[in-house]
Amino acid sequence: MSSRMLGLGAEFPAFEKTAVVSREKGQEFQTISNTIHTSEGKWMVMFWWPKDFTFVCPTEIAEFNKNAGEFADRDTVLVGASTDSEFVHLAWRNNHEDLRDLTFPMLADTSKSLAEELGILEANEKIAYRATFIIDPQGIVRWVSAYDLSVGRNVEEVLRVLDALQTDELCPCNWEKGEATLNLN
């Protein structure tokens, strides 16, 4: 197992995994790969949670879903992931009110190979930390954030950082979309 989290400037690993994309009978599962965004010249935000059927995780997943349109407006593909199976993901979506109408895939990394390559597996239980990666259209990691298992992340901060990265300019502390960036000329 990697003891280091994949960092800035690294190429995001190639992957091909099954994901839950729908609750409609016969349309539930789809294989997705790292080209889900690069083939269309889009950014990707991939966020990980530790376990399905837990307490903090659905609050984050629901918040990402509430903001799915914001990510789409920024030409960004949103992908959620954990080390649970696609069948567990589907059961959770079917049984949790806040997860029924998700608009992004729930990736199943049952082999834990992608989480291991990313360096986000918790040592004892071998579950993913709450990690978020922003990957540019060329497949390069531009931002990484990881939280302890008990702490939920802030989706507004993910959007703020995505906005800043997409300016391709110098953005000062607490910069928000629409504010001036730093001009050194």
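Predicted model: local features only at pLDDT ≥ 70, side-chain atom pairs only at ≥ 80, totals over all residues.
## Overall fold

The protein chain contains six helices and seven strands. Read from the N terminus, these elements follow the order β-β-α-β-α-α-β-α-β-α-β-β-α. The radius of gyration of the protein chain is 16 Å, close to the 16 Å given by the globule rule for 185 residues, so the chain is as compact as a globular protein of that length. The C-alpha trace spans about 55 × 35 × 35 Å along its principal axes.

Of the 185 residues, 48% count as buried. Among the contacts with a separation of 6 or more, 68% are between residues 24 or more positions apart. The accessible surface of the protein chain amounts to about 9400 Å², and 45% of this surface belongs to carbon and sulfur atoms.

## Strand pairing

| Strand pair | Sense | Bridges |
|---|---|---|
| β1 (residues 16-20) and β2 (residues 29-33) | antiparallel | five bridges |
| β1 and β5 | antiparallel | three bridges |
| β3 and β4 (residues 76-82) | parallel | six bridges |
| β3 and β6 (residues 130-135) | antiparallel | four bridges |

## Strand β3

How many of the residues of β3 are buried? Six of its six residues are buried, and the strand is thus described as mostly covered.

## Aromatic pairs

Nine aromatic pairs are found in a search of the whole structure. One of them joins Phe 12 and Phe 15, whose ring centres lie 6.2 Å apart with 80° between the planes, an edge-to-face arrangement. Phe 12 and Phe 15 are both buried.

Why is the pair of Phe 47 and Phe 104 classed as edge-to-face? The ring centres of Phe 47 and Phe 104 are 5.5 Å apart and their planes stand at 70°, so the pair is edge-to-face; the cut-off for this class is an angle over 60 degrees. Phe 47 belongs to strand β3 (residues 43-48) and Phe 104 to the loop between α4 (86-95) and β5 (106-108), so the pair ties together parts that are 57 residues apart in sequence. Both Phe 47 and Phe 104 are buried.

These two residues also belong to a cluster. Ring pairs link Phe 47 and Phe 104 with Trp 49, Phe 53, Phe 64, Phe 71 and Trp 92.

An unreviewed UniProt entry places the feature "active site" at Cys 57. In the model, Cys 57 lies in helix α2 (residues 57-66). Is Cys 57 buried or exposed? Its relative accessibility is 2%, so Cys 57 counts as buried; the limit for a buried residue is under 20%. When neighbours within four places in sequence are left aside, Cys 57 is in contact with Trp 49, Pro 50, Lys 51, Trp 92 and Arg 130. Among these contacts, Trp 49 and Trp 92 are also members of the aromatic cluster.

Helix α2 is mostly covered, with seven of its 10 residues buried. The buried residues are Cys 57, Pro 58, Glu 60, Ile 61, Ala 62, Phe 64 and Asn 65. An α-helix has 3.6 residues a turn, so residues three or four places apart point the same way. The elements covering the buried residues of α2 include β3, α3 (68-73), β4, α4, β6 and α6 (155-167).

## An exposed aromatic residue

Phe 55 provides a contrasting case. This residue is found in the loop between β3 and α2. The relative accessibility of Phe 55 is 77%, so Phe 55 counts as exposed. The C-alpha atoms of Phe 55 and Thr 110 are separated by 21 Å, and the two residues are 55 residues apart along the chain.

Technical notes:
Residues numbered from 1 in each chain as written. Heavy atoms only, no water. Phe/Tyr/Trp six-rings, centres within 6.5 Å; stacked < 30°, edge-to-face > 60°. Buried < 20%, exposed > 50% of the residue type's maximum accessible area, 1.4 Å probe, protein only. Helix = DSSP H or I, 4+ residues; strand = E, 2+ residues; numbered from the N terminus. UniProt positions renumbered as here; feature names shortened; annotations may be inferred. Contact = heavy atoms within 4.5 Å. Pairing = 2+ DSSP bridges. Rg over C-alpha atoms; globule rule 2.2 N^0.38 Å. Areas by Shrake-Rupley, 256 points an atom, 1.4 Å probe, with all protein chains shown as cover.
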